[in-house]
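Visitor: I would like a close look at one part of this protein, the strands and what surrounds them. Please take me through it step by step.

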Amino acid sequence: MTLEEIDKEYVLHTYGRSYINFTSGKNATLFDKKGEEYIDFTSGIGVVSVGHANKILSDAICKQASDIIHISNLYLIEPQAQLAKRVVELSGYDMRVFFANSGAEANEGAIKIARKYGEVDAEPKRYKIITLKNSFHGRTITSLRATGQEKMHNFFGPYPDGFVYAKDLDEIISLCDDKTVGVMIELIQGEGGVEPQDKQKIKLLENELKKRDILFMVDEVQTGIYRTGELFASNLYDISPDIITVAKGLGGGVPIGAVLTKLKDIFSPGDHGSTFGGNYLSSRAGLVVLEILESEKNSGRLDETMLYFSEKLEKLAVKYEKLIDKSVGLGLMRGLRIKSTQKLNEIVRVAMAHKVLVLKAGRNTLRFLPPLTITKNEINKGFERLESAFENIS
Ligand SMILES: *Cc1c(COP(=O)(O)O)cnc(C)c1O
C-alpha cells in the first residue's frame with residue numbers, strides 16, 4: 001500500500017486532505033520527500049508562529065523532554081507558572097490563566113467561567129452566551145454550539161442550551177436579557193473569512209456590556225500571540241475583556257490552549273481541569289515562543305514584516321483585479337476576497353502546484369497566515385510563485 005492508501009484506509013475521513021508528503025521545514029519553507037521546496041503561507045493554520053524547525057524552540061523542547069515531560073497538575077510545574085506570569089505581564093491585563101490543549105478546550109473553559117459567574121449569587125441564574133452568526137469557536141459539542149454557523153449544526157444534537165446568535169455587532173445588545181451572562185466574539189473572524197470588526201463598535205459594545213455586568217469574552221485562538229502585531233488583538237483594539245482564549249500560535253506547534261480571565265477566583269479546586277494542560281513540554285514551548293516573538297516585536301522586525309507582506313498583497317490585488325475584489329485583514333492575518341468561489345478553489349490548487357501553500361476561509365477568501373518570522377526572501381519567493389499561479393488561472 002502507498003502511504004496515501006494507508007491514510008485513506010485507516011484514518012477517518014474528516015479532512016479534504018492533499019497528499020504531498022512534507023518531511024522537513026525551515027522557517028516558512030517546507031520540503032517534501034522528493035526534496036521539492038514549498039513556501040508556507042499557512043503555518044499550519046496559524047500555529048507555527050516561529051517557523052518550522054526553529055532552532056531555539058526545538059533545542060528547548062529537546063532539553064525539556066530529556067529532563068521531564070509530564071507529571072500532573074497535582075504538583076507544581078515550573079514552566080507553567082512562568083508561562084502564566086509571562087503571558088499576563090505581556091498582555092497588560094490583570095488576569096489569571098488556566099491551561100488546556102486546544103482552542104476548543106480553551107473556549108470550553110471560557111464558557112464554564114461565564115456559566116459559573118452567572119450561577120453564583122445571582123437570581124435569576126444567568127447562562128446565556130451571545131455569539132455571532134459567522135463565528136467559529138471549535139468542534140467539541142459545546143464550542144460547536146457556540147459557533148453561530150447553522151450549517152455546522154446539522155448533526156450531533158441535542159446540543160446544550162443557552163447560545164444565542166447575533167447577525168452582527170449591532171444586534172448584540174438588543175438580544176441581551178436577564179439570563180445573558182456573556183458575549184463571545186472574534187475580533188477578526190478567521191474561519192468566517194478574515195473579517196476584522198470595527199474598532200469603534202467594539203469599544204461601544206464593551207461599554208454597554210460593562211454597564212449590564214455581562215462578560216466580554218474574546219476568542220483570540222487565531223488572532224492571539226502577535227498575529228496582529230500585538231500580543232492580543234484586544235491590545236490593538238484597546239479593550240479590556242473579562243475573558244480571553246488563546247491556542248494556535250502559543251506553542252509554535254506543540255498543542256496548548258489557555259483561557260485568561262480577570263475573574264481570578266472564579267474556580268475552586270475540582271471545578272475544572274485537564275490531564276495534559278500546561279505540562280512541562282507545552283509550557284516550555286510557550287515560554288520560548290513568547291521570548292522569540294517578543295524580541296521580533298521589540299526589534300521592529302515584526303512590524304517591518306507585516307508592512308512588507310501587506311504591500312505585496314496590495315500589489316497582487318491591483319494586478320489581478322479581475323479576480324480579486326480587495327485585500328483584507330490585519331498584521332499577518334490576511335486575506336484576498338476572490339470574486340468567484342469556484343476560482344478560489346482553483347487558485348488554492350494551482351498555487352500548490354506552483355509550490356506555495358495558501359488557505360481558504362469562508363466562501364470567498366484566500367487566506368494567509370504565514371509564520372511571524374517569515375523572511376523577505378521567503379515572502380518574495382512566495383509572491384512570485386503566487387503570481388505565476390494567478391497567470392495560470394483561466
Ligand atoms: C481554530 C480556532 C478554534 C478551534 O481551535 P482548535 O485548536 O482546533 O480546537 C477556535 N476559535 C477560533 C477563533 C479558531 O480560529
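Guide: Start with a parallel pair. Strand β3 and strand β15 (residues 356–357) run parallel, joined by 2 bridges. Find I39 in the chain. V356 in β15 is the bridge partner of I39. Keep in mind that this is a predicted model.

Now turn to another neighbour of β3. Strand β2 (residues 29–32) pairs with strand β3 (residues 37–40) in the antiparallel sense, over 3 bridges. β2 and β3 form a hairpin with 4 residues between the strands. In that hairpin, G35 takes a positive phi near 90°.

Next, step back to the domains. The protein is divided into domain 1, with residues 3–53 + 300–393, and domain 2, with residues 68–298. Their centres, taken over C-alpha atoms, are separated by 27 Å. Domain 1 gives 29 residues to the contact, and domain 2 gives 29 residues.

Move on to an open sheet of 4 strands. Its order is β13-β14-β17-β16, and the pairing is antiparallel. At the edges are β13 (324–330) and β16 (359–361), and each pairs on one side only. From one strand to the next, the twist averages 30°. Look inside this sheet. Strand β14 (residues 333–338) and strand β17 (residues 365–368) pair over 4 bridges, in the antiparallel sense.

Two helices come next. They are α11 (residues 301–319) and α13 (residues 376–391). Their axes come within 11 Å and cross at roughly 15°. That makes α11 roughly parallel to α13. The crossing is right-handed. Which residues meet? From α11, they include Y308, F309, L313 and L316. From α13, they include I379, F383, L386 and F390. The residues of this contact divide into 8 nonpolar, 2 polar and 6 charged. Among the contact residues are K312 and K319 in α11, and E387 and E391 in α13.

Read the order as β4-β12-β11-β10-β7-β5-β6, with mixed pairing. β4 (96–100) and β6 (163–166) stand at the edges with a single partner strand each, so one side of each has no neighbour in the sheet. The twist averages 20° from one strand to the next. Within the sheet, strand β11 (residues 243–246) pairs with strand β12 (residues 257–261). This pairing is antiparallel and has 4 bridges. V246 stands opposite A258 in β12. A helix lies on this sheet too: α4 packs on it, touching β4 and β12. The direction of α4 makes about 125° with that of β4.

Finish with α4 itself. Helix α4 (residues 78–91) packs against helix α10 (residues 280–298) at an angle of about 35°. Their axes are 8 Å apart. This crossing is left-handed. On the α4 side, the contact includes P79, L83, V87 and L90. On the α10 side, it includes Y280, L287 and L290. Charged residues take part as well, including R86 of α4 and E294 of α10. In total, the contact residues divide into 7 nonpolar, 4 polar and 4 charged.

Terms used. Residues numbered from 1 in each chain as written. Predicted model: local features only at pLDDT ≥ 70, side-chain atom pairs only at ≥ 80, totals over all residues. Heavy atoms only, no water. Axes fitted to C-alpha atoms, helices over the stretch in contact; angles between N-to-C directions. Parallel < 35°, antiparallel > 145°, perpendicular 65-115°, else oblique. Left-handed = near helix turned anticlockwise from the far one by under 90°. Contact = heavy atoms within 4.5 Å. Pairing = 2+ DSSP bridges. Domains from an automatic or database assignment.
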